[in-house]
Amino acid sequence: MAGRTVRVGGLPADLPPDRVADKLTIHFLRSRNGGGEIADVQVLAGSQACALITFEAPEVAQRILKAKQHVLSVGGKEYPLEVTAHDAELHPDEVARNRQLLP
């Protein structure tokens, strides 16, 4: 899945994860947003909730990463999204877990 997955931060905290996943799917399917076919969307809860979106083709993920900004509109509110390559950084919980595994 390397190269096809992006990490999305800045998610609306006031919406249930399944609704956030639906809104992200709609946003990132649209060609005007640089999107394309999506293989999987996972919303990860936590203090800094994020989503992992895996696209069918790595070219789509690259277009998404090159876009200057993504804004998710939900119910008249706008949420600026932070989109990064998934393999470029670990989620804070993953960093903590990895530290616990060290001798």
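Leaving aside neighbours within four places in sequence, histidine 27 is in contact with Asn33, His70, Val71 and Leu72 (contact means heavy atoms within 4.5 Å). Please keep in mind that this is a predicted model, where local features need pLDDT of at least 70, side-chain atom pairs count only at pLDDT 80 or more, and totals for chains, interfaces and linings use all residues. Residues are numbered from 1 along each chain as its sequence is written, and side-chain values use heavy atoms, with hydrogens and water left out.

**Histidine 27**
- Helix H1, residues 17-29, holds histidine 27; helices (H or I, at least four residues) and strands (E, at least two) are DSSP runs numbered from the N terminus.
- With a relative accessible area of 6%, histidine 27 is buried (buried is under 20%, exposed over 50%, partly exposed in between, with a 1.4 Å probe and protein chains only).
- Its side chain makes a polar contact with the side chain of histidine 70, at 3.2 Å; such a contact is a pair of N or O atoms within 3.5 Å, where within protein one must be able to donate a hydrogen and the other to accept it, and residues adjacent in sequence count only if both atoms are side-chain atoms.

**The sheet**
- Five strands form an open sheet in the order S2-S3-S1-S5-S4, with antiparallel pairing; two strands pair if DSSP finds at least two bridges between them.
- Strand S2 (38-44) and strand S4 (70-74) are the edge strands, each pairing on one side only.
- S4 and strand S5 (residues 77-85) run antiparallel and are joined by five bridges.
- Valine 71 has proline 80 in S5 as its bridge partner.
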